[in-house]
Amino acid sequence: MDAINEVHVSEPGLVVVDVAAADDETAFAFHTALAARWATTSVERTTRDAGQPGVRLRCYLDLRQPVNPPGQGQLPR
């Protein structure tokens, strides 16, 4: 994976999430769970490291912008 750029964590509440999963489906399911709760970057693909099992995915979260606060149910669309 690429190095984490200083701007990605330049303020409290900004998070870089690196996911290692067995397969694409699992990695994307985890990202979907994060995106249901917080503002996240979109992801379109995973990466594979030669000689390593599974896949990797990186996304960026902004914990300052909850999409669906706990106990609030689904937001209207």
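Among contacts in this protein (heavy atoms within 4.5 Å) between residues at least 6 apart in sequence, 58% join residues at least 24 apart. The model is predicted: local features need pLDDT of at least 70, side-chain atom pairs count only at pLDDT 80 or more, and totals for chains, interfaces and linings use all residues. Residues are numbered from 1 along each chain as its sequence is written, and side-chain values use heavy atoms, leaving out hydrogens and water.

**Overall make-up**
- The protein has one helix and three strands. These are DSSP runs, numbered from the N terminus: helices are H or I with at least four residues, strands are E with at least two.
- Along the sequence, the pattern reads β-α-β-β.
- Of the 77 residues in the protein, 22% are buried. Buried means under 20% relative accessible area, exposed means over 50%, and partly exposed lies in between (1.4 Å probe, protein chains only).
- The accessible surface of the protein comes to about 5600 Å², and carbon and sulfur atoms account for 52% of that. Areas come from the Shrake-Rupley method with a 1.4 Å probe; for residues, only the protein chains shown count as cover.

**The sheet**
- Three strands form an open sheet in the order β1-β3-β2, with antiparallel pairing. Two strands pair if DSSP finds at least two bridges between them.
- β1 and β2 stand at the edges with a single partner strand each, so one side of each has no neighbour in the sheet.
- Neighbouring strands of this sheet are turned by 40° against each other on average, direction ignored. Axes are lines fitted to C-alpha atoms, for helices over the stretch in contact, and angles run from 0 to 180 degrees between N-to-C directions.

**Strand pairings**
- Eight bridges join β1 (residues 14–21) to β3 (residues 55–66). In this pairing, Val 19 stands opposite Leu 57, and Val 17 has Cys 59 as its bridge partner.
- Three bridges join β2 (residues 38–40) to β3, again antiparallel. Here Thr 40 has Leu 61 as its bridge partner.

**Helix on the sheet**
- Helix α1 (residues 24–35) lies across β1, β2 and β3. The helix runs at about 5° to β3.

**Arg 58**
- Arg 58 lies in strand β3. Arg 58 is buried, with a relative accessible area of 15%.
- The side chain of Arg 58 makes a polar contact with the side chain of Asp 18, at 2.6 Å. A polar contact is a pair of N or O atoms within 3.5 Å; within protein, one must be able to donate a hydrogen and the other to accept it, and residues adjacent in sequence count only if both atoms are side-chain atoms.
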